[in-house]
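Student: I am new to this structure. Please show me how to read it, feature by feature.

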Amino acid sequence: MTVSWTPHRFTGGVLALDTANTVVLRCDPEKTFDRFADPTEIARFAAAASGFRASELGGRALAVSSPRTIAPVVRSIRETTDYLFRGAVQGGGVAADNLAEFLRACADGLSGSQEAISIPTQPFGNAAMPIAFEAALAVSALSLLREDTIARIRICPNCAWLFLDRSRNSSRLWCDMAVCGNRQKASRHYRRRRPTAKEIANV
Ligand SMILES: [Zn+2]
């Protein structure tokens, strides 16, 4: 079944975190699944991300030459990004060993690219041409490596997605208030209204 790449699936705030969040429910071994299990979804994700991440990308479109060919490097950047920054949020720092793996994965994404990136006002290069998705993913992931950015990465308490909190007072709790915030509210409401059999027996 094809994935519907809705705005909710781009609440990470940057391309690299949106990509990390294509693995759903990472913390639940029973329920977790990979939205890139079918590599053709990488191309569909990239097409959607070209729109949702247009301001980050400086208007550059993302190009996917062959989803199957790039799938291993995309997964490797995705997994090392998640591991590095989730660990940084949980442990308060970037683990040097994890950083080495992350940099190797990013290097693979950039390797062989003829791009000129980090041009002033054009961090992803010249917007006149599309950029290879794996190269853009590496640039986005590397852009997270700043102390003030890491300080704003959060883990959604409902779905465990990573997201960048750009709120003025750094107080955003949910990846998406309309989805995860409401689900938590609904479950609290449900618990209040429908006590369990054990709770009833204890009354
Ligand atoms: Zn969430």
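Student: What covers the buried residues of helix 4?

Tutor: First, the ground rules. This is a predicted model, where local features need pLDDT of at least 70, side-chain atom pairs count only at pLDDT 80 or more, and totals for chains, interfaces and linings use all residues. Residues are numbered from 1 along each chain as its sequence is written, and side-chain values use heavy atoms, with hydrogens and water left out. Next, the terms. Helices (H or I, at least four residues) and strands (E, at least two) are DSSP runs, numbered from the N terminus. Buried means under 20% relative accessible area, exposed over 50%, and partly exposed in between (1.4 Å probe, protein chains only). Now your case: the cover over the buried residues of helix 4 includes helix 3 (67-91) and helix 5 (133-142).

Student: Which residues of helix 4 are buried?

Tutor: The general idea comes first. An α-helix has 3.6 residues a turn, so residues three or four places apart point the same way. In helix 4, the buried residues are Phe102, Ala105, Cys106 and Gly109. Seen down the axis of helix 4, these buried residues fall within an arc of 100 degrees, so they line one face of the helix. The arc is that of the directions from the helix axis to the C-beta atoms. On the other side of helix 4, Ala96, Asp97, Arg104 and Asp108 are exposed.

Student: How many Å should helix 4 span?

Tutor: The expected span of a helix is 1.5 Å times one less than its number of residues. Helix 4 (residues 96-110) has 15 residues and should span 21 Å; its end C-alpha atoms are 21 Å apart, which agrees. Just after helix 4, Gly112 takes a positive phi of about 85 degrees.

Student: Where is the kink in helix 3 centred?

Tutor: To find a bend at a residue, take the angle between axes fitted to the seven residues ending there and the seven starting there. In helix 3, a kink of about 30 degrees is centred on Val73. The 25 residues of helix 3 should span 36 Å, and its end C-alpha atoms are 34 Å apart, which agrees. Just after helix 3 comes Gly92, with a positive phi of about 80 degrees.

Student: How many residues of helix 5 are buried?

Tutor: Helix 5 is mostly covered, with 9 of its 10 residues buried. Among them are Phe133, Leu137 and Val139. Contact means heavy atoms within 4.5 Å. The buried residues of helix 5 pack against helix 1 (15-20), helix 2 (40-52), strand 3 (62-63), helix 3, helix 4 and strand 4 (131-132).

Student: Which residues coordinate the zinc ion?

Tutor: Start with the donors. They are N, O and S atoms within 2.8 Å of the metal (3.2 Å for Na, K and Ca); water is not among the atoms, so sites may look incomplete. Here Cys156 (SG), Cys159 (SG), Cys175 (SG) and Cys180 (SG) coordinate the zinc ion at 2.3 to 2.4 Å. In sequence, these donor residues are spaced C-x2-C-x15-C-x4-C. Cys156 lies in the loop between strand 5 (153-155) and strand 6 (162-164), and Cys180 lies in helix 7 (residues 177-193), 24 residues apart. Both Cys156 and Cys180 are buried.

Student: Why is the arrangement around the zinc ion tetrahedral?

Tutor: Ideal angles at a metal are 109.5 degrees for four tetrahedral donors. Four donors count as tetrahedral if all angles lie between 85 and 135 degrees. Around the zinc ion, the 4 donor atoms subtend angles of 105 to 118 degrees, which makes the arrangement tetrahedral.

Student: Which residues does His8 contact, leaving aside its neighbours within four places in sequence?

Tutor: His8 is in contact with Trp161, Cys175, Asp176 and Val179, once those neighbours are left aside. His8 sits in the segment before helix 1. From His8 to Cys180 is 172 residues in sequence and 9.9 Å in space, C-alpha to C-alpha.

Student: Is Ala160 buried or exposed?

Tutor: At 15% relative accessibility, Ala160 counts as buried. Ala160 lies in the loop between strand 5 and strand 6. Its phi is positive, about 70 degrees, although Ala160 is not a glycine.

Student: How many helices and strands does the chain have?

Tutor: The chain comes to 8 helices and 6 strands. Of its 203 residues, 40% count as buried.

Key: Four donors count as tetrahedral if all angles lie between 85 and 135 degrees; four count as square planar and six as octahedral if opposite donors are over 155 degrees apart and all others between 65 and 115; anything else is irregular.
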